Amino acid sequence: MPRDLSPRLAGIVDALPLTPQARVLEIGCGPGAAARAVAARLTSGHILAIDRSVKAIAQAKAASAQEIVGGA
């Protein structure tokens, strides 16, 4: 789990029925902490994280640069 993930979000991500090839849509991703935790569990899968806040999207993109380059 990413170190910036709160215990509450870690519990949510742990409860998801994720498989390495899952395709995930996160609506309201905020700065992207949960999306990064999901991406860490995917190998051939994909996550799309969206938010209505331009600021949140900018934060998520900046914090998730490694995952974006990696294709998650």
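**Figure 1. Asp-14 is partly exposed, with a relative accessible area of 47%.** Partly exposed covers the range between buried, under 20% relative accessible area, and exposed, over 50% (1.4 Å probe, protein chains only). The model is predicted: local features need pLDDT of at least 70, side-chain atom pairs count only at pLDDT 80 or more, and totals for chains, interfaces and linings use all residues. Residues are numbered from 1 along each chain as its sequence is written, and side-chain values use heavy atoms, with hydrogens and water left out. Asp-14 forms a salt bridge with Arg-41, and their closest N and O atoms are 2.4 Å apart. Asp-14 belongs to helix α1 (residues 7–15) and Arg-41 to helix α2 (residues 33–41), so the pair links parts that are 27 residues apart in sequence. A salt bridge here is a side-chain nitrogen of Lys or Arg within 4 Å of a carboxyl oxygen of Asp or Glu. By this rule the count is one salt bridge. Helices (H or I, at least four residues) and strands (E, at least two) are DSSP runs, numbered from the N terminus. Arg-41 is also partly exposed, at a relative accessible area of 32%.

**Figure 2. Helices α1 and α2 cross at roughly 40°.** Two packed helices are described by the angle between their axes and the distance between the axes. For α1 and α2, the axes come within 10 Å. The crossing is right-handed. From α1, the contact is made by Leu-9, Val-13 and Asp-14. From α2, Ala-33, Ala-34, Ala-37, Val-38 and Arg-41 take part. Contact means heavy atoms within 4.5 Å. Axes are lines fitted to C-alpha atoms, for helices over the stretch in contact, and angles run from 0 to 180 degrees between N-to-C directions. A crossing is right-handed if the near helix is turned clockwise from the far one by less than a right angle, and left-handed if anticlockwise. Ala-10 also lies in helix α1. Ala-10 counts as buried, at 15% relative accessibility. Its C-alpha atom is 18 Å from that of Glu-67, which is 57 residues away in sequence.

**Figure 3. Helix α2 is largely enclosed by the rest of the structure.** Seven of its nine residues are buried. They are Ala-33, Ala-34, Ala-35, Arg-36, Ala-37, Val-38 and Ala-39. Their cover includes α1, β1, β2, α3 and α4. One of these buried residues is Arg-36. Ser-64 touches Arg-36 and Gly-32, not counting residues up to four places away in sequence. Ser-64 sits in the loop between α3 (54–63) and α4 (65–70). Ser-64 is itself buried, with a relative accessible area of 9%.

**Figure 4. Leu-25, Ile-27, Leu-48 and Ile-50 make a nonpolar surface patch of about 390 Å².** Strands β1 (23–27) and β2 (46–50) each supply at least two of the patch residues. Patches are made of residues with over 30% relative accessible area and no salt bridge; like charges are joined within 9 Å, and nonpolar side chains (Val, Leu, Ile, Met, Phe, Trp, Tyr) within 5 Å. Accessible areas come from the Shrake-Rupley method with a 1.4 Å probe; for residues, only the protein chains shown count as cover. Ile-50 is in strand β2. At 38% relative accessibility, Ile-50 is partly exposed.

**Figure 5. Gly-28 lies in the loop between β1 and α2.** Gly-28 is partly exposed, at 47% relative accessibility. Leaving aside neighbours within four places in sequence, Gly-28 is in contact with Ile-50 and Asp-51. Ser-53 is 25 residues away along the chain, and its C-alpha atom is 8.6 Å from that of Gly-28. Asp-51 is also touched by Ala-56, along with Gly-30 and Pro-31, not counting residues up to four places away in sequence. Ala-56 lies in helix α3. Ala-56 is buried, at 9% relative accessibility.

**Figure 6. Ala-22 is placed in the loop between α1 and β1.** Ala-22 is buried, at 14% relative accessibility. Leaving aside neighbours within four places in sequence, its contacts are Leu-42, Gly-45 and His-46. Ala-22 and Arg-41 are 19 residues apart in sequence and 9.2 Å apart, C-alpha to C-alpha.
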